[in-house]
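Open your viewer and get ready to click along.

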Amino acid sequence: MSMTQGWTARKRRWGNRLAARAARSAPAAGGFVSMPEPRTVGHFARGKQLAAGNFLLAGHMVETHEPWDIDPPSTGFAHELHGFAWLDHMAACGDRGARLAAQGWVFDWIERFGMGEGPGWEPDLTGRRMLRWIQHALFLTSARDGDDNRPFFAALGRQTKFLSKRWKAAAPGLPRFEALTGLLYAALSLLEMERYRKPATEALALACARDIGADGGIHSRNPEDLLEVLTLLVWAQLALRDAELAVPPEIGAAIARIAPCLRVLRHADGGLARFHGGGRGLEGRLEYALSVAEVPITPRAPEAMGYARLEGGRTSLIVDTALPPAGASAHAAHASMLAFELTSNRRPLIVNSGSGLPFGPEWEKAGRATNSHSTLSIDGYSSARFGKASRPEDGGAPLMDGPKLVTLNRSDERDGASLLLSHDGYVATHGLTHVRNLDLGHDGRVLLGEDILVARDPAHVKQLNQLLDAGKLRGISYALRFHLHPEVDPSLDMNGTAVSVALPSGEIWVFRFDGPGRMSLEPSVYLERGRLAPRPCQQIIIRAAILDESSQINWTLAKAQDTPLAIRDIGRDDDLALPRNVIATD
């Protein structure tokens with residue numbers, strides 16, 4: 001982090017602290033204009049787990065019935081704890097035990113931190129917390145008399161004033177939309193807060209115009225963040241309509257841009273592509289947002305937010321085809337240029353490792369490296385490098401010195417579609433450009449791939465030859481990686497010349513390659529939010545070396561010939577179940 005960025009972060013934290021303390025004198029909310037309807041969906045089993053005192057947040061499990069007494073194991077844990085999104089799960093459980101526990105923890109938070117103290121006074125966390133408190137107000141205040149609930153409405157009033165002063169300090173993108181939607185919800189739902197309606201509505205409309213791109217994308221290029229933004233805008237739209245107020249056209253226009261963008265980023269199984277720190281998204285959230293937003297279904301675009309899509313039959317492929325995010329978003333960006341994910345029917349096959357942020361700083365950095373993505377990497381290098389690590393509360397090390405140019409050419413033919421891609425992320429270090437060609441048939445049964453490392457210009461050839469000479473002609477080692485989902489079963493066949501991959505649905509896919517190098521199956525990890533540890537999986541790796549101006553590897557990933565065109569995949573995942581490595585407590 002530069003000195004300027006560090007000073008800006010310190011100034012932002014100091015401003016939040018001053019505004020939180022200034023909000024102590026804010027008048028209390030006078031009650032609810034009308035009791036708002038909960039719009040979030042939690043998990044019953046997670047609610048039971050929380051009511052039993054098991055807090056699984058940001059990759060850490062803490063067993064306690066006094067969450068505000070603990071020393072948080074990480075900054076991420078503290079943020080999730082003070083953001084109160086876990087109230088969704090407790091409300092989904094909804095029994096007396098869950099209600100009493102939730103009420104106790106909320107009113108204890110008010111007593112300890114409600115006067116502007118503690119780590120929870122940041123605009124995005126405050127907005128997130130306000131949304132949950134308001135949406136679950138009936139759950140949090142039932143069976144309590146008016147005097148007992150006074151602190152609740154006093155705290156809502158103070159947080160509303162804080163948001164009115166500090167929403168501008170939230171980073172553009174999801175944090176700012178969380179802050180503004182929380183402020184708007186408070187202004188529409190709470191008595192004595194009506195004066196914030198107009199400024200909150202106008203600010204949200206301005207954010208929609210500025211922060212949502214023409215293609216519906218956001219600067220972080222995080223698909224899951226984009227889904228959360230869409231959800232917040234849908235909530236804001238519904239709240240304005242419930243209050244019989246006009247919805248600014250900027251909000252409707254932003255929703256109309258985001259919805260088709262997310263359709264591009266959604267795999268055949270309904271999950272989102274996992275790039276730049278995003279996960280698959282909460283189950284059913286995208287379908288809910290799309291249905292409520294009433295955005296007409298249009299033909300799916302081939303590209304959006306820097307990603308390109310190929311699809312055939314019930315096979316979807318999504319590939320990163322743009323420069324990594326810069327600016328503030330560089331602290332969460334991944335070196336994933338030309339990496340892809342592939343899903344067949346409702347089963348993920350080729351994946352990226354995902355975000356390691358919930359599992360600590362070492363996993364966070366490892367998950368962002370090129371080796372953790374299904375693409376080509378030169379040994380010891382990522383296609384973009386990492387700068388100096390910052391303080392944990394300010395984000396990870398910024399991604400820098402990446403490619404200056406990423407190209408995309410699409411070709412649609414009668415029997416399929418193909419993408420010709422390239423990036424120059426290794427020109428600065430080796431004089432090499434990575435070229436990738438992907439061709440998927442219309443029936444979705446065969447993916448043809450071609451990966452090339454090439455020194456294109458005379459200056460690049462000279463740079464490469466100098467490196468080869470320094471290495472005494474042993475070549476520059478590189479690897480093609482194809483990370484496999486944990487639920488598939490791969491095996492190395494035909495004396496190491498093919499890999500058969502069995503999916504839980506019964507489909508069999510076979511991977512083969514042609515060119516220099518050797519192929520192996522090696523351990524990998526699948527980084528998934530909501531688990532205590534990374535999930536073990538495997539990856540197909542082709543290791544080779546470039547000895548002159550270019551090196552090329554051709555490969556195929558195809559369904560086995562005896563795999564039928566359609567498979568009745570009726571196995572269900574239990575959406576109410578806890579992750580396998582988390583034990584529920586009765």
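Start with the aromatic rings: there are 22 aromatic pairs in this structure. To count as a pair, rings of Phe, Tyr and Trp (its six-membered ring) need centres within 6.5 Å; planes under 30 degrees apart are called stacked, over 60 edge-to-face, and the rest tilted.

A quick note before you click: this is a predicted model, where local features need pLDDT of at least 70 and side-chain atom pairs count only at pLDDT 80 or more, while totals for chains, interfaces and linings use all residues. Residues are numbered from 1 along each chain as its sequence is written, and side-chain values use heavy atoms, with hydrogens and water left out.

Now select Phe32 and Phe153. Their ring centres are 5.6 Å apart and the planes meet at 70 degrees, so this pair is edge-to-face. Phe32 sits in the loop between helix 1 (3-22) and helix 2 (44-51), and Phe153 in helix 8 (residues 146-166), so the pair ties together parts 121 residues apart in sequence. (Helices, H or I of at least four residues, and strands, E of at least two, are DSSP runs numbered from the N terminus.) Phe32 and Phe153 are both buried; buried means under 20% relative accessible area, exposed over 50%, and partly exposed in between, with a 1.4 Å probe and protein chains only.

Next, pick Phe340 and Phe482. How far apart are the centres of their rings? The answer is 6.2 Å, with the planes at 65 degrees, so this pair is edge-to-face too. Phe340 has a relative accessible area of 0%, and Phe482 has 1%.

On to charges over rings (NZ of Lys or CZ of Arg within 6 Å of the ring centre and within 35 degrees of the ring normal). Show Arg144: its charged end is over the ring of Phe107, 3.7 Å from the centre. Then try Arg274, which lies over the face of Tyr526 at 3.9 Å from the ring centre.

Now colour the cysteines. A disulfide takes two cysteine sulfur atoms within 2.5 Å, and the count here is zero. Cys208 has its nearest cysteine sulfur in Cys261, 14 Å away. Cys208 is buried at 0% relative accessible area, and Cys261 at 1%.

Last stop: an open sheet of eight strands in the order 11-12-13-14-21-18-17-16, with antiparallel pairing. Strands pair if DSSP finds at least two bridges between them. At the edges you'll find strand 11 (406-413) and strand 16 (489-493). Zoom in on strand 17 (residues 498-502) and strand 18 (residues 508-514), which pair over five bridges. There, Ser500 has Val510 of strand 18 as its bridge partner.
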